[in-house]
Amino acid sequence: MSKEISRDEIAQNDSRDSLWCIIDAKVYDLTDFADAHPGGSVVLAQIAGQDATIDFFNLHRYEVLQKYDGSLCIGTVKGEKSQVIDPKPGDLSLVPYGEPTWLTPQFRSPYYKQSHRRLQRAMRVWVDTVLTPEARERELDGSRIGDAVLKDMARLHMNAMRMGPGPHLKGRTLMNGVVSPEEFDFFHEMIITQELCRTGTRGFNDGNLGGMVISLPAVLYHARPSVRDRVAEEVLSGKKWMCLAISEAFAGSDVGGMKTTAVKSADGKHYIVNGTKKWITNGTFCDYFVTGVKTAKGFAVLLIERGEGVETTPIKTSYSAAAGTAYIKFEDIKVPIENLLGREDDGFKVIMTNFNHERWMIAIFTVRESRLVVEGCIKWANQRRVLGKRLIEEPVIRQK
Ligand SMILES: Cc1cc2nc3c(=O)[nH]c(=O)nc-3n(C[C@H](O)[C@H](O)[C@H](O)COP(=O)(O)OP(=O)(O)OC[C@H]3O[C@@H](n4cnc5c(N)ncnc54)[C@H](O)[C@@H]3O)c2cc1C
Ligand code: HEM
C-alpha cells in the first residue's frame with residue numbers, strides 16, 4: 001500500500017492481462033478480480049489504466065472499497081493524496097440531519113447527561129464493528145442473527161436495556177459499566193434503539209430480538225413472579241426467543257376481531273387453544289409466543305411454549321427473511337393456567353398496554369431510519385456534485 005506509482009506506469013496496465021485503475025488516488029490491481037466482479041469484467045476493461053474515481057463512486061457505496069481495499073490496493077498515485085474521508089468505528093456524521101440533533105456540538109439539552117454520551121459512543125463503536133458486518137450478511141442470506149453476536153449482546157446486557165428502565169436491570173453491569181442501572185432512563189433506551197437501527201438492514205433489525213422487545217413487557221408486568229423470572233432470565237440472556245402473536249388473517253388493526261380461542265379444561269388446570277396467527281415477527285424461531293386469545297367472556301393473553309400442536313411456517317415478505325416472519329397454527333394446545341398473563345376475560349387491557357413499548361420502539365426506529373435515508377441521499381447528491389473537483393464522501397466528527 002505504501003508504494004507510490006506514477007500515472008504513466010498505471011496507464012500501461014490497461015489490458016485484461018494486467019488491469020489496473022485509480023480510485024481516489026489509490027491504485028488497484030483488478031486483473032485477478034475482474035472475473036469475480038459483480039458488475040462484470042467488461043466494464044473493468046473499459047476503465048483499465050485510467051482514473052475510475054467518478055465511475056466507481058457513481059456505482060458503488062464507499063463500504064465496497066473498505067471491504068476490498070486490503071486485497072486489491074497495490075499503492076498510491078505518486079504525489080497525490082486521497083480526498084475521501086475514511087469513517088472509523090464510532091465516528092459521527094456531519095452530513096446535515098444525519099445524526100439526532102443532540103449529537104451536534106452546538107446543541108444543548110438538559111435531558112442528555114454524560115452517561116447518555118458514554119452509552120451512545122460505546123454503542124456506536126459496537127454497532128460499527130460487531131453488529132453491522134453481521135447485519136449485512138444475515139440481511140442477504142435471510143438467516144437468523146448468529147449466536148456469537150447474540151452472546152455478546154447478552155454479555156453487555158443490551159437486551160435488558162432494550163426493555164427500558166426497571167427492576168430487570170438491577171445488579172447488571174450495563175455496556176461494561178458506562179451507565180448504572182439506577183441512572184438508566186428512557187433516553188438511554190432510546191439511544192440503544194437509535195444506534196441499533198443504523199445498520200440500515202430492516203429485516204435483520206426486526207430479526208434481532210424484535211419479538212422480545214414487543215412481547216416481554218406483557219411477561220414483566222403481568223406474569224406470575226415464578227413464570228416472569230424464569231422467562232425473563234432465559235430471554236434476556238439470549239438463550240430463548242419470544243414473539244408477540246396477536247394479528248390474524250381476520251384481525252389486524254381491529255384487534256377485537258381475533259378468532260383464536262382458549263377454552264378452560266374440565267379440571268381447570270389448562271387452557272385448550274385453537275387458531276392461527278399471521279405476520280408474527282421472529283415466529284419461525286421462537287420458543288415462547290405471547291398470544292392473544294378469545295375466552296368465554298372476553299379476551300386473555302397466554303404465554304404459549306413451543307411444543308406439540310404448535311406449527312410455524314415462514315411468510316414471504318418484502319423484507320429479509322432474517323426477521324423470521326411466521327404464520328402460526330395452534331391445534332389443541334394445552335397451556336398451563338399459570339401461563340395466563342393478567343386476568344382471564346380482561347386480556348384486552350394487557351394487549352393494549354403491551355403495545356405501548358412497541359409503539360415507542362417503532363417511533364424511534366422510524367425517525368432514526370429516516371435520518372439514514374436523508375443522510376444517504378445527501379451524500380450521494382454531494383458526491384455527484386463535487387466529484388472531479390473535490391470529493392467529499394463523509395465528513396465526520398471523531399469522538400474521543
Ligand atoms: C412485517 C410485519 C411484521 C408484523 N409483526 C407482527 C407481530 O410480530 N405480531 C403481531 O401480532 N402482528 C404483526 N404484524 C401485523 C400487524 O400488526 C398488522 O399488519 C397491522 O395490525 C395491520 O393489520 P392488517 O395488516 O390486517 O391491516 P388492516 O387492519 O386490514 O388495515 C388495512 C388498511 O385499512 C386501514 N384501516 C384499518 N382500520 C381502519 C379504521 N378503523 N379507520 C381507518 N382506516 C383503517 C389501515 O390503516 C390500513 O391502511 C406484522 C405485520 C407486518 C407487515
Ligand atoms: C476496487 C474496485 C472495484 C470493486 C471492489 C468493485 C466491487 C463491486 C461490487 C461488490 C459490486 C456489487 C454491488 C455493490 O455491492 O455495490 C459491483 C457492482 C458493479 N461495479 Fe464494481 N467494483 C470495482 C470497480 C468498478 C469500476 C472501476 C467500475 C466501472 C467503471 C465498476 C462497475 C460496476 C458496475 C456497473 C456494477 C453493477 C452495478 C449495479 O448492479 O447497479 N466497478 N462492483
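**Close-up views of two ligand sites and their surroundings**

His 60 has a relative accessible area of 21%, so this residue is partly exposed (buried means under 20%, exposed over 50% and partly exposed in between, with a 1.4 Å probe and protein chains only). All views show a predicted model, in which local features need pLDDT of at least 70 and side-chain atom pairs count only at pLDDT 80 or more, while totals for chains, interfaces and linings use all residues. Residues are numbered from 1 along each chain as its sequence is written, chains are lettered from A and ligands numbered from 1 in the order in which they are written, and side-chain values use heavy atoms, with hydrogens and water left out.

**View 1. His 37 and His 60 hold the iron atom of ligand 2 as its protein donors.** Each histidine uses NE2, lying 2.0 Å from the iron (donors are N, O and S atoms within 2.8 Å of the metal, or 3.2 Å for Na, K and Ca; water is not among the atoms, so sites may look incomplete). The site has 6 donor atoms with angles of 85 to 179° and is octahedral (six donors, with opposite ones over 155 degrees apart and all others between 65 and 115). The pair brings together distant parts of the chain, 23 residues apart: His 37 sits in the loop between strand E3 (26-29) and helix H2 (41-45), and His 60 in the loop between helix H3 (53-59) and helix H4 (62-72) (helices are DSSP runs of H or I with at least four residues, strands runs of E with at least two, numbered from the N terminus). His 37 is buried, because its relative accessible area is 13%.

**View 2. A shell of 18 residues surrounds ligand 2.** The closest are His 37, Leu 44, Asp 55, His 60 and Tyr 68 (a shell residue has a heavy atom within 4 Å). H2, H3 and H4 each contribute at least two shell residues. By class, 14 are nonpolar, 3 polar and 1 charged (Ala, Val, Leu, Ile, Met, Phe, Trp, Tyr, Cys and Pro count as nonpolar, Asp, Glu, Lys and Arg as charged, and the others, Gly among them, as polar).

**View 3. Ligand 1 meets both backbone and side-chain atoms.** Among the residues around ligand 1 are Ile 214, Ile 246, Trp 279 and Tyr 319. A nitrogen atom of the ligand lies 2.7 Å from a backbone N or O atom of Leu 244. The side chain of Ser 247 places a polar atom 2.7 Å from a ligand nitrogen, and for the side chain of Thr 281 the distance from an N or O atom is 2.8 Å.

**View 4. Thr 295 and Gly 347 are 52 residues apart along the chain, with C-alpha atoms separated by 9.1 Å.** Thr 295 belongs to the loop between strand E9 (288-294) and strand E10 (299-305), and is buried because its relative accessible area is 10%. Leaving out residues up to four places away in sequence, Thr 295 touches Ala 262, Ala 300, Glu 344 and Asp 345 (heavy atoms within 4.5 Å). Gly 347 lies in helix H12 (residues 347-386) and counts as buried, because its relative accessibility is 0%. Beyond neighbours within four places in sequence, Gly 347 is in contact with Phe 299, Ala 300 and Val 301.

**View 5. Helix H6 (residues 147-155) has Val 149, Leu 150, Asp 152, Met 153 and Ala 154 as its buried residues.** Their cover includes helix H5 (114-141), helix H7 (158-161) and helix H11 (225-236). Just after H6, look for His 157, which takes a positive phi of about 60°.

Note on methods
Tetrahedral: all angles 85-135°; square planar, octahedral: opposite > 155°, others 65-115°. Polar contact = N/O pair within 3.5 Å; in protein donor to acceptor, adjacent residues only side chain to side chain.
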